[in-house]
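Thank you all for coming.

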Amino acid sequence: MTATAPSIFRRTMGAEFDRLHPMLRRRFDVGLGTAEACVGTGVMTEIRRGPWWTVPFLQVGRLRNILVPDVGTDVPFTIENYPYRDPLGRETITFVRSYDIRGHRRRFDATMIDVGGRVVDYLGTHQHLAVDLELHADADGGLVLRSDAQRFYAGPVGFPFPMLFSGRALLRERYDDAAHRFEVDLRVTNERFGFLFGYRGWFTCEWLPATDAPDRLKPVRHERRT
């Protein structure tokens, strides 16, 4: 489906957006223009983390729903992409992944906006970390997402976040025509310490009418700075 007003992903990717698989185009066309949300349900076939010394780093991320320290296989999960207009007037898309592993409820919280032709991904419950994203279509119509520069914001404090203490994400998403499902693979690495966290899995989607997101998916605070 093509949005009445282009989605933030269509706007930022430009002509590359049309190279995506049709199902990926529909999935990433969610927005206020289409008045649709996309809710995926599936299985994380593998959740991995780096060596034992990465656990404290991941535990800190867990406090704000940014990273998690768990590992597991065949873990059911959901991903919820809802559009809404935030209190600052910006069109925003939720990317909230939720799962339950060995009795622990876990979430990855992210909200994305378009800032002058680039996607900024606010991570966590309080939008403390703003990350620039690069999105491209691969030769097979899959989506390749890479994280770039990061900035930390808390109260009056704001500074470029040192990549020595953070991770860069590489996410690949494709659609399997034979299995009729989306497949996803995420790796988060640190430039000095290597692999930190990752998962791979699959999910199917349903599209729902929506021009707002449930409060449970919205961040506790919205950051003005990008």
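Let me begin with a definition: a residue is called buried when its relative accessible area is under 20%, exposed when that area is over 50%, and partly exposed in between, with a 1.4 Å probe and protein chains only. Please keep in mind that this is a predicted model, in which local features need pLDDT of at least 70 and side-chain atom pairs count only at pLDDT 80 or more, whereas totals for chains, interfaces and linings use all residues. Residues are numbered from 1 along each chain as its sequence is written, and side-chain values use heavy atoms, with hydrogens and water left out.

With that wording in place, Y175 and F182 are both buried. Of the 226 residues of the protein, 51% count as buried. The secondary structure comes to three helices and 14 strands, where helices (H or I, at least four residues) and strands (E, at least two) are DSSP runs numbered from the N terminus. A contact means heavy atoms within 4.5 Å, and among the contacts with a separation of 6 or more, 58% are between residues 24 or more positions apart.

Now to the rings. Rings of Phe, Tyr and Trp (its six-membered ring) pair if their centres lie within 6.5 Å, and planes under 30 degrees apart count as stacked, over 60 as edge-to-face and the rest as tilted. The structure holds 13 aromatic pairs. One of them joins F152 and F161, with 6.2 Å from centre to centre and 40° between the planes, and this pair is tilted. F152 counts as partly exposed because its relative accessibility is 23%, and F161 is also partly exposed, at 21%. For Y175 and F182 the ring centres are 4.9 Å apart and the planes stand at 70°, so this pair is edge-to-face. Y175 and F182 also belong, with F77 and F203, to one aromatic cluster.

Which residue lies over the face of F182? That residue is R27, at 5.9 Å from the ring centre. The charged end of R27 also sits over the ring of F28, 4.9 Å from its centre. A charge is said to sit over a ring if NZ of Lys or CZ of Arg is within 6 Å of the ring centre and within 35 degrees of the ring normal.

Next comes the core. A nonpolar core is a set of buried Ala, Val, Leu, Ile, Met, Phe, Trp, Tyr and Cys residues joined through side-chain atoms within 4.5 Å. The largest one has 42 residues, and those with the most contacts inside it are F9, M44, F95, Y99, L135, F197 and Y199. Strand β14 (residues 194-209) supplies the largest share of this core, six residues. Apart from it lies another core, of eight residues, among them V96, A210, A213 and L217.

T92 has its place in strand β4 (residues 91-94), and T92 counts as buried because its relative accessible area is 1%. Leaving aside neighbours within four places in sequence, T92 is in contact with residues including Y82, Y84, T111 and I113.

Finally, the charged pairs. A salt bridge is a side-chain nitrogen of Lys or Arg within 4 Å of a carboxyl oxygen of Asp or Glu, and the structure holds 23 of them. R118 forms one with D132, the closest N and O atoms being 2.6 Å apart. This pair links distant parts of the chain, since R118 is in strand β8 (residues 118-123) and D132 in strand β9 (residues 129-137), 14 residues apart.

Is D132 buried or exposed? D132 counts as buried, because its relative accessibility is 15%, while R118 is partly exposed at 32%. D132 also meets R151 in a salt bridge, at 2.8 Å from N to O. Here R151 lies in strand β10 (residues 143-154), and 19 residues separate it from D132. R151 is buried too, with a relative accessibility of 14%. Salt bridges that share partners also join E46, R48, D185 and R200 into one network.

As a further example, the side chains of R105 and D100 meet in a salt bridge of 4.0 Å, N to O. R105 counts as exposed, at 62% relative accessibility, whereas D100 is partly exposed, at 35%.
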